[in-house]
Amino acid sequence: MKFKLFSLLALLLGFIGGAFLLNQLGSSARLDLTEQKLYTLSEGTRNILAQLEQPVELELYFSQKASADLVKVRAYQQRVRELLDEYVMLAGGKLSLKVIDPAPFSEEEDQATAYGLQAVPVSVSGDNLYFGLVAKTQLPQATESQGANEQTAGEQASGEQTATEPTAAVKENVAQLPFLQPDREAFLEYEITQLIYQVQQSKPVVIGLLSGLDVRGGFNPQTGRPAPAWMAVDQLDGPYEVRSLTAGLDHIEDDIDLLLLIQPPELTDSALYAIDQFALKGGRVLAFLDPVAETAPNGGLMGMGDSGSASSLNKLLQNWGVGWNPDQVVLDAANALVVNQGPGRPPLRHFGLLALHPESLNADDVVTAQLEAINLSSVGHFTALENATSSVEPWLYSSHDSMLTDANRLRMGGDLMALQRDFVPANEEFNLAIRVQGKADSAFPDGVDGVKADTHLASTERLAVTLVADTDVLSDRLWVQVQNFFGQRIASPWADNGALLVNLADHLGGSADLISLRARGQYNRPFERVNTLRRDAEQQFLASEQRLQQELEETEQQLSALQDQRDGDNGVLTLSAEQQAALEQFQQKKIEIRKELRNVQHELDKDIEALGMRLKVLNIFVLPLLFTLLLWGLVAWQRRRQSL
């Protein structure tokens with residue numbers, strides 16, 4: 001008896017001690033048992049949190065009252081909150097979180113509006129739902145007095161006195177996610193991490209642009225008038241600082257965050273060496289190359305004037321581990337667009353003019369995940385060289401119903417019928433855009449003419465190059481209609497080409513750790529067995545419904561035939577005994593089929609309810625019983641061991 005009391009007391013003390021220990025470790029110790037590690041932050045996020053220089057305050061605005069009946073939104077808010085807690089725990093005190101309920105007509109609602117958070121109406125009574133995230137930090141700023149101090153530093157060094165003292169000035173930097181959409185759950189970590197990174201930056205992202213095409217406007221020889229800038233490139237001005245570079249460059253400024261190359265002209269070794277060293281230092285390079293640049297002033301013919309050249313980066317591509325043949329284009333029958341051939345001729349599919357939809361995009365890539373359609377023309381392809389030390393990841397690819405052909409066939413329009421007639425599918429997907437990362441060697445190990453830069457690098461392990469095998473994808477004709485409205489250019493896009501460039505700039509303009517982030521797994525996991533049962537039943541239901549519909553139509557035809565048998569004089573419907581029996585038979589069959597449909601639906605519900613009951617029994621009784629038996633077995637084994 002005493003032994004039993006002692007055991008119960010020990011068990012009670014053990015339970016209390018365990019609860020106390022869990023409570024103490026709860027804020028610092030986690031165990032993520034989810035299959036896709038949903039609550040474990042990526043290495044890129046951890047690196048950015050570890051590099052925080054200034055404290056960052058996060059404010060999560062969520063309307064409690066307005067969301068009272070929105071179960072899914074409230075569940076998503078809880079997951080966002082849990083993920084943010086993980087951020088705070090790993091930030092080493094540099095990150096704080098405040099959850100704010102912006103009740104209607106409150107000061108908190110005014111703050112949410114001032115931060116630009118989106119208010120979504122959720123009821124007819126006018127309730128608005130706020131579900132946004134704000135990041136704030138204080139960044140040190142240079143002041144006039146500090147500037148004066150810098151100017152007088154030389155004077156102080158020469159012995160002259162100054163009365164000006166340095167003053168500490170700070171500027172509040174604010175960034176926000178206006179509304180956390182549940183359908184972007186897979187990219188939640190990327191968006192939060194990008195927000196934290198963005199608020200720490202004191203200057204806009206600088207894009208260095210080098211192109212052999214008139215992407216920033218030029219002269220149209222066909223119309224004899226100035227040509228406007230490409231809308232895809234023009235939209236980068238404002239959010240980013242776009243700085244034009246010339247083909248004669250011999251170095252790239254240190255403050256350039258992203259190097260954007262759009263069919264650059266033939267480059268000197270000094271220019272290639274500058275790009276080479278920029279990439280080896282970890283600078284992000286985004287290059288658009290095209291076997292047939294249809295927007296080139298010379299119509300895509302290479303080697304004329306200062307227009308772009310598809311082979312201008314060949315020397316660098318080899319060292320980056322990329323295979324590129326500027327003389328080949330991809331034809332794709334499955335993704336071909338239909339084009340108008342002109343008056344008197346029928347529309348025809350153009351195998352060299354492609355419309356890529358989500359099945360041809362990388363769904364796990366934050367750049368393309370939300371895009372619906374991307375149009376390309378006379379696109380090339382990239383391969384990974386066998387001896388490459390870098391890793392090549394495609395994110396745009398053709399269908400298996402594709403082949404390669406000579407680029408000359410698409411210059412000056414090409415014969416569309418001939419392209420179809422000669423088409424032989426290669427049963428292979430071709431990489432239309434790739435991301436190259438990892439190790440790479442310099443294409444100029446000895447510098448240029450034996451002269452190396454002071455900061456010369458012979459190799460790197462953090463190459464970050466993104467390549468797209470088309471430049472027409474950025475031209476207006478493939479994605480947008482631009483109208484001039486009182487001097488303002490109004491864009492009406494019908495494809496996502498412009499969004500693609502913004503996504504790339506947004507993604508590549510940030511930290512290398514941001515580039516490493518990928519889509520997370522889904523918290524909501526479907527009940528696959530239930531879905532299978534539902535699909536099977538729906539197929540049965542659909543088959544029965546079709547049979548019923550067919551028999552109803554036959555019945556109506558029979559009734560229509562009987563209508564024709566009305567007597568001409570008095571319009572009275574007369575039926576023979578056989579016809580009356582047939583009508584009653586049809587009506588009875590209709591009742592039986594309806595009953596059968598109800599049975600099919602009932603069986604569906606029964607199967608799902610039975611599965612749910614089995615799961616409940618398993619979770620509530622079987623698993624606890626198994627754990628209890630296991631615990632008893634361990635206790636019995638321990639007692640037996642102590643008694644020996």
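The expected span of a helix is 1.5 Å times one less than its number of residues. The structure discussed here is a predicted model.

Helix 9 runs over residues 269-280 and has 12 residues, so at 1.5 Å a residue it should span 16 Å. Its end C-alpha atoms are 16 Å apart, which agrees with that expectation. Helix 9 is mostly covered, with 10 of its 12 residues buried. The buried residues are Ala271, Leu272, Tyr273, Ala274, Ile275, Asp276, Gln277, Phe278, Ala279 and Leu280. Their cover includes strand 10 (258-262), strand 11 (284-288), helix 10 (314-319), strand 20 and strand 21 (459-468). After helix 9 comes glycine 282, which has a positive phi, near 95 degrees.

Exposed means over 50% relative accessible area. Glutamate 461 has 62% relative accessibility and therefore counts as exposed. Neighbours within four places in sequence aside, glutamate 461 is in contact with Gly438 and Lys439.

Valine 424 is in the loop between helix 11 (416-421) and strand 20 (431-441). Its relative accessible area is 56%, so valine 424 is exposed. With neighbours within four places in sequence again left out, valine 424 is in contact with Ser402 and Met403. The C-alpha atoms of valine 424 and leucine 331 are 9.6 Å apart, while the two residues are 93 residues apart in sequence.

| Pair | Apart in sequence | C-alpha to C-alpha |
|---|---|---|
| Valine 424 and leucine 331 | 93 residues | 9.6 Å |

**Helix 2 against helix 7**

Two packed helices are described by the angle between their axes and the distance between the axes. For helix 2 (residues 43-50) and helix 7 (residues 188-199), the axes come within 10 Å and cross at roughly 20 degrees. Angles under 35 degrees count as roughly parallel, and helix 2 and helix 7 are therefore roughly parallel to each other. The crossing of helix 2 past helix 7 is left-handed. On the helix 2 side, the contact is made by Thr45, Ile48 and Leu49; on the helix 7 side, it is made by Glu189, Thr193, Ile196 and Tyr197. Sorted by class, this contact has four nonpolar, two polar and one charged residues.

Terms used: Residues are numbered from 1 along each chain as its sequence is written. This is a predicted model: local features need pLDDT of at least 70, side-chain atom pairs count only at pLDDT 80 or more; totals for chains, interfaces and linings use all residues. Side-chain values use heavy atoms; hydrogens and water are left out. Axes are lines fitted to C-alpha atoms, for helices over the stretch in contact, and angles run from 0 to 180 degrees between N-to-C directions. Helices (H or I, at least four residues) and strands (E, at least two) are DSSP runs, numbered from the N terminus. Angles under 35 degrees count as roughly parallel, over 145 as roughly antiparallel, 65 to 115 as roughly perpendicular and the rest as oblique. A crossing is left-handed if the near helix is turned anticlockwise from the far one by less than a right angle, and right-handed if clockwise. Contact means heavy atoms within 4.5 Å. Ala, Val, Leu, Ile, Met, Phe, Trp, Tyr, Cys and Pro count as nonpolar, Asp, Glu, Lys and Arg as charged, and the others, Gly among them, as polar. Buried means under 20% relative accessible area, exposed over 50%, partly exposed in between (1.4 Å probe, protein chains only).
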